[in-house]
Every structure is written in C-alpha cells, then in structure tokens.
Amino acid sequence: MKKLLIFIALLGLLCSCGAPKEMPYLADPVFATDEPLPDYDFQSDFYTAIGFTEMCASEDAYYFTERDLSTDLGAQFIWYYDKQSGLSGKLCTRPECLHSGSTCNAYLDSSVNALSFYDGRLYCYYRPFNNEKTANMCISMNPDGTGRRTEMDAPLEPCGGDSISFIHRGYIYMAAAESEVHVAEATNTPRLYCWNIKTGEETLLYEGPSTSKFINVRAMPLGNDIYFAYSETTDDGNGTINTLCRIDTGTREVETCFSNQADYFIASIEPIKDDGVYMICSRPEKSCIGRYDFKTGEISYSGEGAIIGTENMMDGKVIGYTDEEYIMGIGQSRYCGVIYSFDGEKIAETAALTEIDGDKFSELSNKNGSVFTTLMGCDGENVFIRFDKIFASSTGDVTKQSIIYYAFPLDGSEPFELWRTEKVYEPVAPVKGSAK
C-alpha cells in the first residue's frame with residue numbers, strides 16, 4: 001500500500017511538471033507562446049529613438065502619421081505609400097471628403113504615440129487635444145482607410161515627463177518617467193502601464209523608486225515578456241544607475257535582471273530570443289553596445305566609439321544615419337543610412353543623398369535654410385529618414401517649409417521619395433509705426 005501511494009505521488013509530480021503555466025492575464029489564449037506572432041507582435045522595425053512609433057508597414061503599403069502643412073499645424077493625419085503603384089496620400093477613400101479637417105477619416109487631431117499594423121487592421125494610439133472625456137484613445141481602420149472605429153478610451157493621464165508606447169498582443173503599453181511635485185520637490189518615477197485594447201482596463205505593471213534626478217526609460221516586448229529599462233544619474237552626476245526588469249505579461253510577475261552603476265545610460269534596447277537583451281549605451285561623444293546574457297546574467301560591452309551618427313536598434317541590427325560632413329569634415333553634407341551588427345561592426349551603408357530639389361545640404365546656410373532629419377525605421381529593405389527643410393527670411397520668419405520622407409535602399413541603389421507636404425508662408429506684415 002505504501003509503495004502504491006509513493007507511485008501515485010510520483011505520477012502526480014510528473015504530471016504537474018508537464019502542466020502548462022497558468023497565465024491568467026493573457027488577452028487571448030492564442031498568445032500562450034513565446035514564438036513570434038507576426039499578426040499580433042509589435043513591429044519594432046519602426047520604433048524611433050524617442051520612443052514613439054509613427055510609421056509602420058503591411059505587405060502592400062507603408063503608413064505614417066504627419067502634419068499637413070497646408071492645414072492647421074496642430075493636426076495630424078494618417079498617410080500611406082502604396083508599394084506597388086508608388087501612389088501616396090491621406091488614408092481616406094471618401095470621394096466627397098476634402099481631407100482637410102476633422103471629418104476626414106485620416107484625421108487624428110494631435111500627436112501620435114503608437115501606429116501599428118495589428119490583426120489585419122491599422123491601429124493608432126494617440127492623445128486628442130479636443131476630447132474632454134479621455135487623455136488617450138485608440139482607433140483602428142481597414143488597410144484602405146475604411147471602417148474607422150474607436151477601439152478604446154484610456155482615462156489615465158500621466159503626470160508628465162517622457163513616455164514611450166507600443167501595441168503588443170492585445171494590450172497597449174506605455175513606459176513613462178513621470179514627473180510629480182510633492183511638497184515643492186519635483187520627483188521622477190519610472191512606471192510601466194498597460195491597457196486592454198478591447199476593454200480599456202488599465203493596469204500599473206511596474207513602479208520603480210522615485211528620485212529627484214533625471215530618468216530615461218525604454219521598453220521592448222519579446223514574446224510574452226516586456227523588458228523595461230531605466231537609467232538615472234548618480235548623486236555626483238558623473239555616472240548612471242541602470243536597471244533592467246522583465247515583466248511576464250501572462251502572470252504579471254516582475255524580475256529584476258540587473259541594477260548597477262555604469263559609465264553609460266541605456267538609450268535603446270532590443271531583446272533577442274534565446275540570446276540576450278542588447279542595449280545602445282551612450283554618454284557624451286561615446287557610445288557602445290551592451291548585452292545582457294539570458295543564460296549567465298552577465299553584462300558585456302563592445303564596439304565602443306565605433307557607432308556614429310544618430311542610431312537605434314531595429315530589425316536585429318543597429319541602424320544609424322549620419323551627415324558625412326560631421327564625420328569626415330570634408331565640407332560635403334551627404335545623408336545616408338549606416339548599418340552595424342550588434343558587435344559594433346559596420347556591415348552596410350546606403351547610397352547618399354546630397355540635395356533635395358536642387359538645394360545642396362552644404363549650401364543651405366547660404367540661403368538662410370536648414371535641414372533636420374529623423375530616423376523613422378528600417379524594414380530590412382530600406383532605411384527611412386524624415387527630412388524637414390526650412391527656409392527663413394533675414395528676420396528669422398519661416399518663408400517655406402517641406403517635410404519629406406525618403407527611403408534609402410539597403411542594396412545601395414538611389415534613395416527615393418515616399419511622400420512630402422509643403423507650404424510657402426505669406427510675408428510677415430511689418431508692425432505699424434515701425435521703421436522701414
């Protein structure tokens with residue numbers, strides 16, 4: 001009898017070892033896997049260095065959110081670029097629509113936190129200025145711009161400070177360094193929130209200690225885990241304390257991977273399955289690649305000083321873009337994409353762009369002009385860079401502005417234009433009574 005009881009106990013133990021882990025917080029049973037789910041996983045290829053996703057892609061088109069310079073400057077619209085035909089425009093198919101105001105299907109009214117192609121539809125999480133009921137909301141529409149609907153209102157309004165957002169496996173996530181004032185003392189607190197897309201239920205997943213020092217936050221999903229990193233300056237201001245946490249989205253358990261002092265702050269992260277969490281680690285005039293090893297828990301650094309330009313981690317690589325004049329000092333401004341491995345080795349460089357509409361970048365200052373650039377993404381075929389070209393009068397008033405999206409093919413062929421919006425400003429009238 002005693003042997004029978006032991007056998008039954010062992011059998012139960014073996015069965016329990018093979019039982020699936022309880023994950024009560026998954027938004028859908030289909031998410032009970034750490035394997036990639038392309039239809040539901042966040043498209044990290046378009047995760048900008050400032051933590052927003054303002055561009056994404058389907059098999060047929062690229063989508064992005066941007067102002068229309070010919071309309072209200074505070075308004076945002078969803079735009080598309082058809083990969084096959086090369087056509088682009090606002091994502092609204094209503095023939096009677098003027099595509100200039102809030103009645104347009106593509107109108108967003110405000111800044112965008114996250115744009116994602118998710119579950120066969122285009123999702124956009126943003127903060128409308130003119131909606132008193134909510135601080136953040138999520139809308140979705142079909143790939144052709146039809147069928148727009150509100151998915152969720154998120155009643156939480158963060159207290160300020162930097163924040164980054166993305167949509168992943170049924171939830172909208174927001175990592176924030178929230179600023180608050182307590183008894184005349186300002187503090188910053190690292191927090192990670194999520195909202196269920198369908199129900200709007202809000203959850204605070206992680207809250208770190210508050211500090212009066214500066215905090216920089218980053219977050220990225222991998223399967224059912226969210227990796228949340230934040231850096232804060234040390235008391236003497238000469239270093240940083242970096243912390244990396246893993247949050248299991250199925251159980252909402254939190255594990256601290258490391259928390260230690262370093263010479264660099266964490267500027268960007270990308271976890272790679274069965275490998276580790278890679279980090280762009282920066283400090284003034286230097287940067288390198290850090291790696292947290294999943295198996296050993298150790299941190300290593302490589303490529304110090306080798307990464308140049310403005311960079312981010314996308315598509316399992318370090319993607320940068322740069323002005324060659326800044327690097328080489330040769331007097332010829334030329335923008336290009338530069339691709340590095342996670343070891344800091346330069347593995348590719350796109351063809352360069354030296355001018356737009358006949359205006360050479362190196363000569364813009366002679367015409368009271370300037371150009372500002374932003375890395376928007378990299379999908380394995382192209383690096384996407386946004387150009388904001390501005391001309392001003394001798395008094396500093398803007399006379400003409402162009403916002404242009406360029407694709408820089410990784411095969412080295414010539415960059416090509418995806419889309420643009422332009423405006424020529426009316427001359428500013430002199431104030432009455434002023435000297436001529």
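This is a predicted model: local features need pLDDT of at least 70, side-chain atom pairs count only at pLDDT 80 or more; totals for chains, interfaces and linings use all residues.
The chain exposes about 20,900 Å², and carbon and sulfur atoms supply 51% of it. These accessible areas come from the Shrake-Rupley method with a 1.4 Å probe, and for residues only the protein chains shown count as cover.

Residues are numbered from 1 along each chain as its sequence is written, and side-chain values use heavy atoms, with hydrogens and water left out.

Let me begin with the chain as a whole. It has two helices and 30 strands; helices (H or I, at least four residues) and strands (E, at least two) are DSSP runs, numbered from the N terminus. Of the 436 residues in the chain, 51% are buried. Here buried means under 20% relative accessible area, exposed means over 50%, and partly exposed lies in between, with a 1.4 Å probe and protein chains only. Among contacts with a separation of 6 or more, 44% are between residues 24 or more positions apart, where contact means heavy atoms within 4.5 Å.

I turn now to strand E6, residues 121–126. How many of its six residues are buried? Six of the six are, so E6 is largely enclosed by the rest of the structure. In a regular strand the side chains alternate between the two faces of the sheet. In E6, Arg121, Tyr123 and Tyr125 point one way, Leu122, Cys124 and Tyr126 point the other way, and all are buried.

Strand E5 (residues 112–118) runs antiparallel to E6 and is joined to it by six bridges; two strands pair if DSSP finds at least two bridges between them. Within this pairing, Phe117 stands opposite Leu122. E5 and E6 form a hairpin with two residues between them, and Asp119 in the turn has a positive phi of about 55°. Strand E7 (residues 136–141) is also antiparallel to E6, with five bridges between them. There, Cys138 of E7 is the bridge partner of Tyr125.

Next, an open sheet. Four strands form it in the order E13-E14-E15-E16, with antiparallel pairing. E13 and strand E16 (254–262) stand at the edges with a single partner strand each, so one side of each is left without a neighbour in the sheet. From one strand to the next, the twist averages 15°. Strands E14 (residues 225–233) and E15 (residues 240–248) are joined by nine bridges, and Phe228 stands opposite Cys245 in E15.

Ala176 is found in strand E10 (residues 171–182) and counts as buried, at 1% relative accessibility. The C-alpha atoms of Ala176 and Ala219, 43 residues apart along the chain, are separated by 9.5 Å. Met23 is found in the loop between helix H1 (2–18) and strand E1 (55–57), and at 21% relative accessibility Met23 counts as partly exposed. Met23 and Thr249 are 226 residues apart in sequence and 8.0 Å apart in space, C-alpha to C-alpha. Leaving aside neighbours within four places in sequence, Met23 is in contact with Ala32, Asn224, Gly250 and Thr251.

What is the volume of the largest pocket? It is about 630 Å³. On a 1 Å grid over the protein atoms alone, a pocket is an open set of points where a 1.4 Å probe fits, with protein on both sides within 12 Å along at least five of seven lines, and lining residues have an atom within 4 Å of a point. Grid points are joined across faces, edges and corners, and the volume is the space filled by probe spheres set on the points. Of the 26 residues that line this pocket, the closest to its centre are Pro36, Pro38, Asp41, Phe42 and Gln43. Strands E13 (215–222) and E17 (265–272) each supply at least two residues of the lining.

I close with backbone angles. Most residues other than glycine have a negative phi. Arg252, in the loop between E15 and E16, has a positive phi near 65°. Asp274 lies in the loop between E17 and strand E18 (276–283); its phi is positive too, near 60°, and Asp274 is exposed, with a relative accessible area of 62%.

Methods: Axes are lines fitted to C-alpha atoms, for helices over the stretch in contact, and angles run from 0 to 180 degrees between N-to-C directions.
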